[in-house]
Amino acid sequence: MKAIVVTDQAAGTAGMKLVERPEPQPSINDVVVQVYASGFVNTELGWPSTWTDRLDRDRTPSIPGHELAGVVTALGYGTTGLSVGQRVFGLTDWYRDGTLAEYAAVEARNLAPLPGVDFTVGASLPISGLTAWQGLFEHGRLRAGQSVIAHGAAGAVGSMVTQLARLAGAYVIGTGRAADRQKALDFGANEFVDLDKEVLKDVGGVDLVFDLIGGDIGKRSARLVRAGGTLVSIVGPVEARPADGLAVDFVVESDRAQLSEIIQRVRDGRLRTNIGTVSALDDVVAAFNSTERRPGKTIIRVHP
């Protein structure tokens, strides 16, 4: 099968190569998925799990990519809940070869059925959708009537945060660059703060801050969390904590039930995905090394 591999962490995306690799075989409780579309996160080549296994041993050449949508082609021993020929999508294990390939072996529990949704859309949802869902509802304990600051509201994750928070009955203040204002508002933000030119503290206190930026923005955001509120971060340990609230940093996990909730909202039109660049597998190396800023989710169409 064709696959993208990486062997040199220092080379970044420039070190990606399209090669031939053996098709994966399903282990116990696995399925093999023919990958129709794969999502990619630009920071992935900085993650330790891309380069080493759980015992910190080198595992290169490794196949990056952890989001996929495709069709089940084989079942491992003991696998239940999915069937050959079924359309699925989901989030693969960080420490296993990933989804920038024609086939991927995935634990069945990390996948959910994908009925009636395009593969490109399906592949754009797992990390963005699950990150937003878990940050808002598991870690942020968001309730109707509360207020949320969604940093990076025009991005792949931020737009999901904005939409899911609005669907839950929250008031959403999106942030980003000036050029992102209209896109953030289109995704449902009630108002928008230009982080380059406007004063963040002018928004006043909020119940939840969802921080996708960190650094100075994260520190300033902590001061805006009301008593009993939460600062949720996906950019590492929180540097500044709210005076009278919680600070949580987390790594997204796959969850079949949550994936099913997300895809249902896409199917009935309540949730829109935020797709940016779409490239073929053969063109991945050039696409990832573009010097242009490409907002939205990067998707690789593996199978036509």
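This is a predicted model: local features need pLDDT of at least 70, side-chain atom pairs count only at pLDDT 80 or more; totals for chains, interfaces and linings use all residues.
D30 sits in strand β3, which covers residues 30-40. Its surroundings come from well beyond its own stretch of sequence: leaving aside residues up to four places away, D30 touches L75, G76, T79, R96, A105, V106, E107 and A108.

N29 shows a positive phi of about 65° although it is not a glycine. N29 belongs to the loop between β2 (17-20) and β3, and with a relative accessible area of 40% it is partly exposed. D56 is another non-glycine residue with a positive phi, here near 65°. D56 is found in the loop between β3 and β4 and, at 61% relative accessibility, counts as exposed. The loop between β3 and β4 (67-75) also holds P61, and the peptide bond joining T60 and P61 is cis, with omega about 0°.

Then there are the charged pairs. Side chains of opposite charge can pair when their charged atoms come close. The count here comes to 15 salt bridges. In one of them, the side chains of R54 and D93 meet at 2.9 Å, N to O. This pair links distant parts of the chain, with R54 in the loop between β3 and β4 and D93 in the loop between β5 (87-91) and β6 (103-107), 39 residues apart. R54 is exposed, its relative accessible area being 58%, whereas D93 counts as buried at 15%.

A salt bridge also joins D118 and R301, whose closest N and O atoms are 3.9 Å apart. D118 lies in the loop between β7 (111-113) and α1 (119-123) and R301 in strand β15 (residues 297-301), so the pair ties together parts that are 183 residues apart in sequence. Both ends count as partly exposed: D118 at 41% relative accessibility and R301 at 24%.

R265 is buried, with a relative accessible area of 16%, while E261 is partly exposed at 36%. Finally, R21, R59 and D97 are linked in a network of salt bridges.

Definitions and conventions. Residues are numbered from 1 along each chain as its sequence is written. Side-chain values use heavy atoms; hydrogens and water are left out. Helices (H or I, at least four residues) and strands (E, at least two) are DSSP runs, numbered from the N terminus. Contact means heavy atoms within 4.5 Å. Buried means under 20% relative accessible area, exposed over 50%, partly exposed in between (1.4 Å probe, protein chains only). A salt bridge is a side-chain nitrogen of Lys or Arg within 4 Å of a carboxyl oxygen of Asp or Glu.
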